Amino acid sequence: MSSQPDRPSSQSISQPHSQFALLKEKRFLPFFLTQFLGAFNDNLFKNALVVLLTFQAANWTSIAPALLANLAAGIFILPFFLFSASAGQLADKYDKAYLTRLVKVLEIAIMLVALTGFLLHSLPVLFGALFLLGCHSTLFGPVKYALLPQHLREDELVGGNALVEAGTFVAILVGTLIGGLLASAEHGELWIAGGGLVVAIAGYLTSRGVPPAPAPDPELRVNPNPLTETWRNIGFARQNRTVFLAIMGISWFWLYGALFLAQFPAYAKSILGGGEGTVTLLLATFTVGIGLGSLLCEKLSGGHVEIGLVPFGSIGLTLFGLDLALASPSVLPTSAPLPVSAVLSQPGTLHVLLALTMLGVFGGFFIVPLYAMMQTRSAPAQRARVIAANNIVNALFMVAGALGAGSLLSAGLSIPTLFGVAALMNAAVAIYIYKLVPEFLLRFVVWLLVHTVYRLRTDGIERIPEEGPALIVCNHVSYVDALIIAAACRRPIRFVMDHRIFRWPLLSFVFRHGRAIPIAPAKEDPAMLETAYAEVSRALADGELVCLFPEGKITADGELSPFRPGVNRILEANPVPVVPLALRGLWGSMFSRKDGTALPRPLRRGLFSRIELIAGAPLPAVAANVSSLQTVVAQLRGDWK
C-alpha cells in the first residue's frame, strides 16, 4: 500500500493551473483553514495580552510594562528552543493528520487555562497559557511544513507554500488587530478568552477534514532528551548542504523581517509622528506586500520550485530596505501624534509605504522557494526533523536579531539608519550564501533569461526521468539553448558544449558553475575530446543527466545539421535511456546566428518572444543511434524553426 494515498499523480508542467484551485481541494483546504486559525489565535491572544498588560499593568503587577512585553515575547518563543526537536520526532513517527487534531485539542485546553487566568486575575496562569500556546505552535510547525509534500504534487508545492505563507501573515495581521481591539473593550479579558476558545474549537473542526498523512518512519524511537535531539536534528539538516543553507536563508529572513516589524511602533511615533493607527497601517502594508509576493511566486516560477527567485528576492530586500531608510522623514511633524489621514498627507509617507510594500513583496519571492526547496530536498523519513531544526535556527536568529537591534539603537543609531545597516548586511549575507552555493545564482540567470527575453512553453518535460542517468539530445539553434533547457528541467544537467561557447564572456560563469563539459573536435584538441568523453561516462555512471547537441555546432541556416557519431560512442560505453528534445522558435532571435553572428540586432523580435521546448518519449540505448535520433528530433521540431 502506498504511504501517500492522497497525493495525486504527476502531470506535465506545461499544463496551466492556479494555486487558488487548491482552496477547492479537500486535500488542502481543511489544512489551510486549520493552520490559518492557529496562527490567528496565537497572535490574537499574544497581542491582546501585551496590550492589556501595557495599558493596565498596575492592575496586574508592579513590573514595568516594557519589561512585561519583552517577557511575554520571550515566554512565547522559549518552547521553540525546548521542544522543536521532540516535535520533529513526533511528526516523523505518527500520522500528521492525527497529530494536527491532537494539537487542536491542546489549543482548546490552553484557551480554558487562559480563561481561568483571567477569572482568577492571575498573571502567572496567563503567562503559563502563553507558554503552552508557544508549545502548540512548536508542535504544529514540523507537521505544518512536512505535511504539504505528502498531499501536493511537485508542481503544486510552490503554490501551496505561497498560500500558507500569505495566509499566515494575514492571520498574524488580523489576529494582532482583533487582539488589540478585544483588549481595549469593556470586559476585554472575557472577550479575549472567549474569542480564543471559539477559534480553537473552529480549528479542531477544520482539522477533522485533513486527509491522512502516514508516518514516514513509524519505527522511530523517540529520544526524550531535547538537547541531544536538537543537535541530532541539526545534523540531519547539515547532511544536505543546500538544504542547510536554505535553512540559514530562511532564518536570516525571519531575523530581517522581525527586525523591521519590531521597530514599527517607535518608527510610527518618532519618525512619522503617528499613533496606534499608523502602527497598524505599517503592519498592514508590510503584510500585504509579503502576501502578494508569496502568491506571485507560483506564477513567476511556472508552478515549480524555482530557486532562481531567491537571489531576485534578496536584491529587492536590499534595495527597498535602503530605500525605506532613505525615504524616512528626517524631521518629526510639529503637531504629532497625528491621525492616519494626516500622516498620509505628509510628504514622503507614500514613498515609505511603497518601499515597505515592495520590501514585503520581495520577501515573499525570497522565502517561498526556500521553504519549498527545504521540503523537496530533505529525506522524507527525516523531513519533519529537518523542519524542526529550521524552527530552532529561526528562533535563534530572531533572538540574536532582537538583541543586535537593541544594542545598535542603545548606541545611538536612529531607526532609519538601523534599516539601512540591516539592508547592507542582507546584501553581504546573500553574497556569502550564493558564493557557497552558485546554484542559486545560476538558476537566477536562467530564470531571468526565460522571463525577460523569451516566453517559454514546454510539452512533455516530465518524460525526463526524475532520478537515474539519462542522455538528452537536442537541436542546436542558439547560444542560450543550454540555459533554456536548464530552465525547463528541475534536475541539474551536465551540458556537453563547444569549448568556444563554454568560454563566451557573458555565459562562462553559468556554464562553469553548472559543471558543463567542454569539448573540441579531434583535429583541434584530441586531448580535450577524450577528456570530455571520459567525463560524460563518469557523470552517467554517477546517475546524472547529460545533455548533448549532436549537430556539434549552432545552426547557421535554421535547419538541422547532420548528427555526429559521438552519441553512438557514449551509448556504447553507457547504455542509458535517451530523451530527445526539440527547441522551436529560437531561429532569428538575438542569440541565434541568423545574419551571420549572434547579437547583431539585440531584441530584434522584442521582449517575451514565444519559444517552445518539446520532449519525446525516452528511447532505450539499443534503439538509439545517430540516424534514429535525428529523425525523432526533426519530427518533434516540425516546421517551426
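**Exercise 1. In β6, which residue is the bridge partner of V473?**

Before we start: this is a predicted model, where local features need pLDDT of at least 70, side-chain atom pairs count only at pLDDT 80 or more, and totals for chains, interfaces and linings use all residues. Residues are numbered from 1 along each chain as its sequence is written, and side-chain values use heavy atoms, with hydrogens and water left out.

Step 1. Strands (E, at least two residues) and helices (H or I, at least four) are DSSP runs numbered from the N terminus. Two strands pair if DSSP finds at least two bridges between them.

Step 2. Look at the two strands. β2 and β6 are parallel partners, with four bridges.

Step 3. Find V473. Its bridge partner in β6 is P580.

Step 4. Now try β5. β2 also pairs with β5 in the parallel sense, over four bridges. There, V473 has L548 as its bridge partner, while I472 stands opposite C547.

**Exercise 2. Work out the strand order of the sheet and find its edges.**

Step 1. Read across the sheet. It is open, has seven strands with mixed pairing, and goes β1-β7-β6-β2-β5-β3-β4.

Step 2. Pick out the edges. β1 (454-459) and β4 (517-519) each pair on one side only.

Step 3. Check the twist. From one strand to the next, it averages 25°. Angles here run from 0 to 180 degrees between N-to-C directions, and axes are lines fitted to C-alpha atoms, for helices over the stretch in contact.

Step 4. Follow β3 (residues 493-498) to β4: the two are parallel over three bridges, and D498 stands opposite I519.

Step 5. Go from β3 to β5. Four bridges join these parallel strands, with R494 opposite V546.

**Exercise 3. Why is β2 described as largely enclosed by the rest of the structure?**

Step 1. Set the cut-offs. Buried means under 20% relative accessible area, exposed over 50%, and partly exposed in between (1.4 Å probe, protein chains only).

Step 2. Count. Five of the five residues of β2 are buried, so the strand is largely enclosed by the rest of the structure.

Step 3. Check both faces. A470, I472 and C474 are on one side, L471 and V473 on the other, and all are buried.

Step 4. Compare β5. L545 and C547 point one way, V546 and L548 the other, and all are buried too.

Step 5. Helix α16 (residues 481-488) lies across several strands, including β2, and runs at about 170° to β3. Helix α20 (residues 566-573) touches β2, β5 and β6, and its direction makes about 170° with that of β2. Contact means heavy atoms within 4.5 Å.

**Exercise 4. Which helix gives the largest share of the lining of the largest cavity?**

Step 1. Define the hole. On a 1 Å grid over the protein atoms alone, a cavity is a set of points where a 1.4 Å probe fits but cannot get out; lining residues have an atom within 4 Å of a point.

Step 2. Size it up. The largest cavity has a volume of about 70 Å³. A volume is the space filled by probe spheres set on the points, which are joined across faces, edges and corners.

Step 3. List some lining residues: among them are W252, F366, N426 and Y434.

Step 4. Compare the helices. α8 (241-270), α12 (349-377) and α14 (415-436) each supply at least two lining residues. The largest share, five residues, comes from α14.

Notes
1 Å grid on protein atoms, 1.4 Å probe; cavity = no way out; pocket = protein on both sides within 12 Å on 5 of 7 lines; lining within 4 Å.
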